[in-house]
Amino acid sequence: FPFPYTPYGIQEQFMEALYGALEAGRVGIFESPTGTGKSLSLICGALSWLRDLEEKKRQEEARLLEGLSPAGPGDTGGASTAGEPDWVTAFVQSKEERDKVDRLKEEQIRRKKREDRLEKIRHNVQLKYAAKRKRSEEDETKRLLQLSKECLSRGAGVDVLEQLDHNEEELILAEYESDEEKKVVSGLEEDDDDLEEEHVTKIYYCSRTHSQLSQFVHEVQKSPFGKDTRLVSLGSRQNLCVNEEVRRLGALQLINDRCMEMQKNKHEKKSDEENEGKKRRVSRAICPFYSYEQMQFLCDEVLVEVKDIEQLVSLGREAKACPYYGSRYAIPAAQLVVLPYQMLLHEPTRTAAGIKLKDQVVIIDEAHNLIDTITCIHSAEVSGAQLCCAHSQLSQYMERYRKRLKAKNLMYIKQILYLLERFVAMLGGNVNQNPGCQAVSQTGTVLKSINDFLFQSQIDNINLFKVQRYCEKSLISRKLFGFVERYGGPVTAVKINKENQKLAGLQNFLLTLQQGSDKEGTPQNPPVETENDQLRTASPLMQIEGFLSALTNANQDGRVILNRQGTVGQSSLKFLLLNPAVHFAKVVEECRAVIIAGGTMQPVADFREQLLSCAGVDPARVMEFSCGHVIPPENILPIILCSGPSNQQLEFTYQTRDLPQMMDETGRILCNLCNVIPGGVVCFFPSYEYEKQVYMHWEKTGLLTRLATKKKIFQEPKKANQVDQVLVEYAKCIKRCSQAGGQMTGALLLSVVGGKMSEGINFSDDLGRCVIMVGMPYPNIKSPELQEKMAWLDKTMPRAAGQAPSKVLIENLCMKAVNQSIGRAIRHQKDFASILLLDHRYARPAIFNKLPQWIRERTQVKPAFGSAFAELRK
């Protein structure tokens, strides 16, 4: 493999196993705790396989083209099919051969054209300048044409009142036709089909965040494959849009809707020009960056050289081309497509991005929380305040434009209004009253199956698939947002008809939601005010569309949670997906091979059972590969500590962890460790509440003062925007102490499992010489969502080794969180650290075996503190 970094042969083993999985078309679960080395090994192994595959294909093509020739009239080409004359069989066989030859020749021509075009761009800089000059000339022509149109319109003297009326034209819903009534929804889809070339075999590489993907792309640029790999970075419109007018909208759904509306306007422009003799129409906004020629140029530039998201956006601004669609056009010819895994796991997003998985390879990196991610993507929650607000906005929209809306639009709007009424009724409220003032009579949480919820809310007679499709295609949330932006402010208010006097109260409520605290009046209740910012940045109807989509899942795959709290505004409806495999199944079925990889994948039973078995994957197709770390054995010291310095047994259950003696014992352990461990010590607690409770107890007993003599104490903040500042101060303190010497030896960071610092943060070298895990971070089993998930698993999954699936789930959730947290310390080949697990329950075989193999095989179980302390001092 063309990869220089192979310490202890680990990367070599990893890539060989990966190569074998891709060649055999397996679903692989890969674990390798080697950071960027793991990600780069993944892609080097995959690209090596892809190069070999392309070479084999070309040799096969050449062989077939040489060997295949049209059969002669008398050549039967073998035994005839039963019941058919020989000449019929010969003709069919001959035609198949000719068609195959034609297909191969077409593919060769297409590939040669693409390679020639990219080679020209790569070596001929003049082409770039010619394209730039052509674009600037076109821009100048368009500008002059626009000026002449404006002069003509001023000379014609357009009626001012008519202009004002037509300013609202963009708020009117276009005539809606369902998919059954027309096969092609828009001209854009026709264009896409014509322009799209055939997909070559490619690798889809997914990770969790854009920053991780950018880091990965930079590593690929430095790798042996960096010069001649056709790589495309995909992202959302929020990340890739270069139209400032659209970017200013902020919310992702608003950006998506506005972009789609501008495309629609472009395709409607021709028909408007044809009807020029009719009533003059005000021109609608068209995106200047959405031009096929410009985007094709951008597409070629993307394929010529490896670029990350930031470089792609800069190129888009320079070329005046849309990076979002330009990158989409580059997908078919790309060899490596880099994207966030949320985009690949959500089928509508996948389809919209033009991703086709048939016979392709998918690599999902950082996949330790894959099950949770799929569950979150396909779950949805709406509050009572959002439901009432959406009903108010939509009612007023319908009243204002009733005479301008077509019958089908009115029918769907009335259906949506009815759905909103029934949803609020299920929470015990009424849409015609302020949700913040309506008290809920029966508080608590109730779980219902999808069918029960539909029947009890009396909406089982409505086709939710059609309503969801209407919301998606008509862009109603975007129109409604524009309507509220225009008429929701204090200057202009929607005029209320006499027939609709009852909406006056709702109008005031809507203004309250939109304005927040106004000089002339105050909001009616604080809870609504807290949601003001969220509601102002996006229409609540957008959230509701997600909930409607969730209700179209199969009855057995999810539950609806009615959370009634205090008032209707504070209450909520939530859809919980129980079976993530139904949404992962299509990925596994279509792909040639799927690799699920991560630094800490233990315990892997969750992936096998909840994802792959439930998705119908043949166990023989699943393979597991786990390799050790690149560090030598003496660089890590994991210890399970069963008791503290005063022989107090360490068991941090919900019943015992709040006891003063348990918190005192934890403090004594930390004091002893801080006396001998240099640099940084990171201590993880099960929750923010417990960390705060322990901190306050230590403050009262004076233990915190004793700790502070050796280590400066930092606490993990709850707010994400404060995390970087704390980390910078923590690192500065450790560096300062190491240089100055003296009594203060470093810093102690009190963190939380599952918090901001338990994933994705590198406590390498002196930043993390010891990681301490206080207790076992079991999830809250009293949570209704978790209880329902446990009940569902017990019904659908077989017992494993005599254990109920629900119990296995709880242990796995706990140990996944532990493994992620303790993996923060060892980050490179020469790093070293100790890991201390404070709870005797870690020594139980069922728990112990769920530690990562590279940690488990070096772990020592210490019943007493003395022997553990001696090991740490060494």
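Colleague: What angle do helix α28 and helix α29 make where they pack, and how far apart are their axes?

Modeller: In this predicted model, α28 (residues 660–676) packs against α29 (residues 688–701) at about 80 degrees, with the axes 10 Å apart.

Colleague: Why is α28 called roughly perpendicular to α29?

Modeller: The label covers angles of 65 to 115 degrees. The angle here is about 80 degrees, and that makes α28 roughly perpendicular to α29.

Colleague: Which residues make the contact, and how do they divide by class?

Modeller: From α28 come Pro 660, Met 663, Asp 664, Thr 666, Gly 667 and Leu 670. From α29 come Tyr 690, Gln 693, Val 694, His 697, Trp 698 and Thr 701. The contact of α28 with α29 has six nonpolar, five polar and one charged residues.

Colleague: What makes α17 and α21 roughly perpendicular to each other?

Modeller: Helix α17 (residues 384–401) and helix α21 (residues 476–487) pack at about 85 degrees, and their axes are 10 Å apart. The range for the label is 65 to 115 degrees, and α17 and α21 are therefore roughly perpendicular. On the α17 side the contact has Gln 393, Leu 394, Gln 396, Tyr 397, Arg 400 and Tyr 401. These meet Ile 476, Lys 479, Leu 480, Phe 483, Val 484 and Tyr 487 of α21. The residues of the contact of α17 with α21 divide into eight nonpolar, two polar and two charged.

Colleague: Why is strand β1 said to be largely enclosed by the rest of the structure?

Modeller: A residue is buried when its relative accessible area is under 20%. Five of the five residues of β1 (residues 27–31) are buried, so the strand is largely enclosed. Val 27, Ile 29 and Glu 31 point one way, while Gly 28 and Phe 30 point the other way, and all are buried. For the protein, buried residues make up 51% of the 874 residues.

Colleague: How do you know that β1 pairs with β11 and with β10?

Modeller: Pairing needs at least two bridges between the strands. Five bridges join β1 to β11 (residues 622–626), and the two run parallel. Ile 29 has Glu 624 as its bridge partner in β11. Five bridges also join β1 to β10 (residues 593–598), again in the parallel sense, with Glu 31 opposite Gly 598.

Colleague: What makes β3 and β11 edge strands?

Modeller: The open sheet has seven strands in the order β3-β4-β2-β5-β10-β1-β11, with parallel pairing. β3 (231–233) and β11 each have a single partner strand, so one side of each is left without a neighbour in the sheet. From one strand to the next the twist averages 15 degrees.

Colleague: Which strands stand at the edges of the sheet with β6 and β7?

Modeller: That open sheet of four strands has the order β6-β9-β8-β7, with antiparallel pairing. β6 (380–383) and β7 (444–449) stand at the edges with a single partner each, so one side of each has no neighbour in the sheet. Strands β8 (residues 558–565) and β9 (residues 567–577) run antiparallel and are joined by seven bridges, with Val 560 opposite Phe 575 in β9. Helix α32 (residues 784–796) lies across β7, β8 and β9, at about 30 degrees to β7.

Colleague: What makes the 120 residues a nonpolar core?

Modeller: Its members are buried residues of the listed nonpolar kinds, joined through side-chain atoms within 4.5 Å. Leu 370, Ile 413, Phe 423, Phe 453, Phe 547 and Phe 584 touch the most other members of this largest core. Helix α18 (residues 407–426) gives the largest share, 10 residues. Leaving out residues up to four places away in sequence, Phe 584 touches Leu 345, Ile 364, Leu 370, Ile 374, Val 594, Ile 596, Leu 611 and Leu 612. A second, separate core has 37 residues, including Cys 737, Met 757, Met 776 and Ile 855.

Note on methods: Residues are numbered from 1 along each chain as its sequence is written. This is a predicted model: local features need pLDDT of at least 70, side-chain atom pairs count only at pLDDT 80 or more; totals for chains, interfaces and linings use all residues. Side-chain values use heavy atoms; hydrogens and water are left out. Axes are lines fitted to C-alpha atoms, for helices over the stretch in contact, and angles run from 0 to 180 degrees between N-to-C directions. Angles under 35 degrees count as roughly parallel, over 145 as roughly antiparallel, 65 to 115 as roughly perpendicular and the rest as oblique. Contact means heavy atoms within 4.5 Å. Ala, Val, Leu, Ile, Met, Phe, Trp, Tyr, Cys and Pro count as nonpolar, Asp, Glu, Lys and Arg as charged, and the others, Gly among them, as polar. Buried means under 20% relative accessible area, exposed over 50%, partly exposed in between (1.4 Å probe, protein chains only).
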